[in-house]
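Please find below a briefing on a single protein model, arranged by topic. The sequence and the structure are shown first.

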Amino acid sequence: MSEHYPFSNPPLPYAYDALEPYIDARTMMLHHDRHLRAYTDNLNAPLADQPRLQTLTLEELLAIYPALPEPLATQIRNNAGGVYNHRLFFNGLTPAANAVENHSHPLYGAIGRTFGNTGDMLQSLGEAAMSVFGSGYAWLVLLPDGSLAITTTANQDTPPLGQMLPLLNADVWEHAYYLKHYNNRYAYLGDAMHVINWPEVEARYDAGMGLS
Ligand code: MN
């Protein structure tokens, strides 16, 4: 991906109501059009007078921000992270009719070796998501040795992309579920598991393994 400043907020690849009844249309609209839009705007704003940074991709910004002075470092950490994490999240969802695993795909062999089966992996991902205190994410990641792991991050932190490739994430900020599920994060996670974009997760695995 070569996109750099000014970052845009492209439309969702599905309708706001496409994930009903699991994730409601109003949540999707506010989450994409307000929350992700704000992260995008709040990333572009501090980059406006930083020409050296304007050619960097999201991944590059996330790699170099620790070397920047404050408050720029924190602005990039929170907002480049917010854009990266939300794009991965939204593209990792799809209408339930499309949320179908291709069981012959090597991703599921890797899931089997690490977790047992897909249900066991989702249980581990859900437990990790429940363990996040406050706002953050749970992640399924691919490690350099080809194995899979579950990790969590706080706030809009992104896993260290030089050490692991995110395949799937669960946004557990309350803005991801409060309108429908109120404070019941567990019910939200159970619903979201019906609309996982498995073809996209398979493609991310392929890219990470150099298969595509
Ligand atoms: Mn969010």
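**Overview**

The protein contains eight helices and three strands; helices (H or I, at least four residues) and strands (E, at least two) are DSSP runs, numbered from the N terminus. The model is a predicted one, in which local features need pLDDT of at least 70 and side-chain atom pairs count only at pLDDT 80 or more, while totals for chains, interfaces and linings use all residues. Residues are numbered from 1 along each chain as its sequence is written, and side-chain values use heavy atoms, with hydrogens and water left out.

**Fold and overall dimensions**

- Along the sequence, the elements follow the pattern α-α-α-α-α-β-β-β-α-α-α.
- The radius of gyration is 17 Å, close to the 17 Å that the globule rule gives for 212 residues, so the protein is as compact as a globular protein of that length. The radius is taken over C-alpha atoms, and the rule is 2.2 Å times the number of residues to the power 0.38.
- Taken along the principal axes, the C-alpha atoms fill a box of roughly 50 × 40 × 30 Å.
- Of the contacts with a separation of 6 or more, 67% are between residues 24 or more positions apart; contact means heavy atoms within 4.5 Å.

**Surface and charge**

- Buried residues make up 48% of the 212 residues. Buried means under 20% relative accessible area, exposed over 50%, and partly exposed in between (1.4 Å probe, protein chains only).
- The protein exposes about 10000 Å², of which carbon and sulfur atoms supply 53%. These areas come from the Shrake-Rupley method with a 1.4 Å probe.
- There are 10 positive and 21 negative side chains, and the centres of the two sets lie 5 Å apart. Lys and Arg count as positive and Asp and Glu as negative, whereas His and the chain ends are not counted. Each charge is placed at NZ of Lys, CZ of Arg, CG of Asp or CD of Glu.

**Manganese site**

- H31 (NE2), H86 (NE2), D171 (OD) and H175 (NE2) coordinate the manganese ion at 2.0 to 2.1 Å. Donors are N, O and S atoms within 2.8 Å of the metal (3.2 Å for Na, K and Ca); water is not among the atoms, so sites may look incomplete.
- Along the chain, the donors are spaced as H-x54-H-x84-D-x3-H.
- D171 is buried, with a relative accessible area of 0%, and H175 is buried as well, at 19%.

**Backbone features**

- Most residues other than glycine have a negative phi, and most peptide bonds are trans.
- Y5 and P6 are joined by a cis peptide bond with omega about -5°; P6 lies in the segment before α1 (25-47).
- E20 and P21 are also joined by a cis peptide bond, with omega about 0°, and P21 is placed in the segment before α1.
- N155 has a positive phi, near 55°. This residue is in the loop between β2 (148-154) and β3 (165-171) and is partly exposed, with a relative accessible area of 42%.
- Y182 has a positive phi, near 50°. Its position is the loop between α6 (178-181) and α7 (185-192), and it counts as exposed at 53% relative accessibility.

**Surroundings of Q54**

- Q54 is located in the loop between α1 and α2 (58-64) and counts as buried at 18% relative accessibility.
- Not counting residues up to four places away in sequence, Q54 touches H4, Y5, L47, A48 and D49.
- Q54 and F7 are 47 residues apart in sequence and 9.7 Å apart in space, C-alpha to C-alpha.
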